[in-house]
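Here are my notes on this model, as numbered points. Please read them with the structure open.

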Amino acid sequence: MTGKAKPKKHTAKEIASKVDAATTNRGGGKAGLADRSGIEKGGHAKLECPHCKITAPDVKSMQIHHDARHPKIPFDESKLSDLHATCVPETSKPKPGVRGSFKK
Ligand SMILES: [Zn+2]
């Protein structure tokens, strides 16, 4: 080893993990657990790809997935399975989840 570090590249895996970190609840405790497991809100994965059943937290992510995985199939938002549609969210409940500020 010469000690010279290889130039860093952003790999798809790295970017995916960053997206995951930004959109997935890592909150601890009971509230975080309930939030993560989707008992109360149907989980963070809101949408399900109708073609390969992969899940995404929002339409934008799903479109990125769709363009990457199913470029020959036209993207149709209405065909996505909304996993939250069957689960009525309690809006008054504080969301313990997604990393970031509550200040808007
Ligand atoms: Zn898919």
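1. Make-up. The protein has 3 helices and 3 strands. Helices (H or I, at least four residues) and strands (E, at least two) are DSSP runs, numbered from the N terminus. The order from the N terminus is α-α-β-β-α-β.

2. Basis. This is a predicted model: local features need pLDDT of at least 70, side-chain atom pairs count only at pLDDT 80 or more, and totals for chains, interfaces and linings use all residues. Residues are numbered from 1 along each chain as its sequence is written.

3. Of the 104 residues in the protein, 9% are buried. A residue is buried if 20 or more other C-beta atoms lie within 10 Å of its own, exposed if 12 or fewer, and partly exposed in between, with C-beta atoms placed from the backbone. Two residues are in contact if their C-beta atoms, placed from the backbone, lie within 7 Å. Take the contacts between residues at least 6 apart in sequence: 52% of them join residues at least 24 apart.

4. Helix α1. This helix covers residues 12–23 and has 12 residues. From first C-alpha to last, α1 reaches 16 Å, close to the 16 Å expected at 1.5 Å a residue. The expected span is 1.5 Å times one less than the number of residues. The helix is hardly covered: the count of buried residues in α1 is 0.

5. The sheet. The 3 strands form an open sheet in the order β2-β1-β3, with antiparallel pairing. Because β2 and β3 (81–82) stand at the edges with a single partner strand each, one side of each is left without a neighbour in the sheet. Two strands pair if DSSP finds at least two bridges between them. The antiparallel pair β1 and β2 has 2 bridges. Leu-47 has Ala-56, in β2, as its bridge partner.

6. Lys-53. Which residue has a positive phi although it is not a glycine? Lys-53 does, at about 65°. Lys-53 sits in the loop between β1 (47–48) and β2 (55–56). The residue is exposed, with 8 other C-beta atoms within 10 Å.

7. Phe-75. This residue lies in the loop between α3 (59–69) and β3. Is Phe-75 partly exposed or buried? Phe-75 counts as partly exposed, because it has 14 C-beta neighbours inside 10 Å. Leaving aside neighbours within four places in sequence, Phe-75 is in contact with Gln-63 and His-66. Gln-63 is 12 residues from Phe-75 along the chain, and their C-alpha atoms are separated by 6.9 Å.
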